[in-house]
Amino acid sequence: MKSSIHPQDYRLVVFSDEAKARILGVRPETLAPSTAMREQTVTEMAASIRDIAQADISIAISGYAGPEGGDDGTAAGTVCLAWNIQGETQTRTVLFSGDCQDVVEKAVHFSLAELVTALSDGHNG
């Protein structure tokens with residue numbers, strides 16, 4: 001009998017660039033100071049998370065929830081998201097409004113809603 005992995009079985013919360021590199025294997029050049037918050041970062045994160053979990057689907061989120069933005073001038077509330085579905089990755093960068101907690105909650109809700117849309121549209125293999 002094939003075992004089943006449930007979405008709640010794997011959750012990773014990785015904040016620092018050092019942890020993104022060490023735990024998720026994000027390449028150092030991807031995490032260079034001027035490029036750490038970009039779609040390539042979440043693309044690599046999502047691929048690694050999917051591999052670690054041995055899952056068909058993963059979601060990665062990275063950004064500046066606030067109250068401050070990035071040193072490069074990226075606004076607070078800017079979030080990059082990636083959805084890796086059976087090895088194919090889609091990314092998006094979104095600017096959310098609100099305080100830090102609002103941005104985090106909106107990013108999570110958005111990521112799940114977009115996943116449901118992708119799966120409903122037939123991107124589920």
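Biologist: Which residue does the side chain of Arg92 meet in a salt bridge?

Modeller: Glu114, at 3.6 Å from N to O. A salt bridge here is a side-chain nitrogen of Lys or Arg within 4 Å of a carboxyl oxygen of Asp or Glu. This is a predicted model: local features need pLDDT of at least 70, side-chain atom pairs count only at pLDDT 80 or more, and totals for chains, interfaces and linings use all residues. Residues are numbered from 1 along each chain as its sequence is written, and side-chain values use heavy atoms, with hydrogens and water left out.

Biologist: Where do Arg92 and Glu114 lie?

Modeller: Arg92 is in strand 3 (residues 88-95) and Glu114 is in helix 3 (residues 100-120), so the pair ties together parts that are 22 residues apart in sequence. Helices (H or I, at least four residues) and strands (E, at least two) are DSSP runs, numbered from the N terminus. Arg92 is partly exposed at 38% relative accessible area. Glu114 is partly exposed too, at 27%. The cut-offs: buried is under 20% relative accessible area, exposed is over 50%, partly exposed is in between, with a 1.4 Å probe and protein chains only.

Biologist: How many salt bridges does a search of the whole structure find?

Modeller: The search finds 4. One of them joins Arg27 and Glu29, at 3.3 Å from N to O. Arg27 is partly exposed, at 39%.

Biologist: Which residues are linked with Arg27 in a network of salt bridges?

Modeller: Glu29 and Glu44.

Biologist: What does Asp17 form a salt bridge with?

Modeller: Lys20, with the closest N and O atoms 3.9 Å apart. Both sit in helix 1 (residues 17-24), 3 residues apart, about one turn of the helix. Asp17 is partly exposed, at 31%.

Biologist: And Lys20, buried or exposed?

Modeller: Lys20 is buried, at 5% relative accessible area. Leaving out residues up to four places away in sequence, Lys20 touches several others, among them Val14, Phe15, Leu31, Met45 and Ser62. Contact means heavy atoms within 4.5 Å.

Biologist: How many bridges join strand 2 to strand 3?

Modeller: There are 8, with strand 2 covering residues 78-85. Ile85 stands opposite Glu88 in strand 3. The two strands form a hairpin with 2 residues between them, and Gln86 in the turn has a positive phi of about 50°.

Biologist: Which residues make the nonpolar surface patch?

Modeller: Ile61, Val104, Val108 and Leu112, about 280 Å². Helix 3 gives the most, with 3 residues. Val108 is in helix 3 and is partly exposed, at 37%. Patch residues have over 30% relative accessible area and no salt bridge; like charges are joined within 9 Å, nonpolar side chains (Val, Leu, Ile, Met, Phe, Trp, Tyr) within 5 Å. Accessible areas come from the Shrake-Rupley method with a 1.4 Å probe; for residues, only the protein chains shown count as cover.

Technical notes: Two strands pair if DSSP finds at least two bridges between them.
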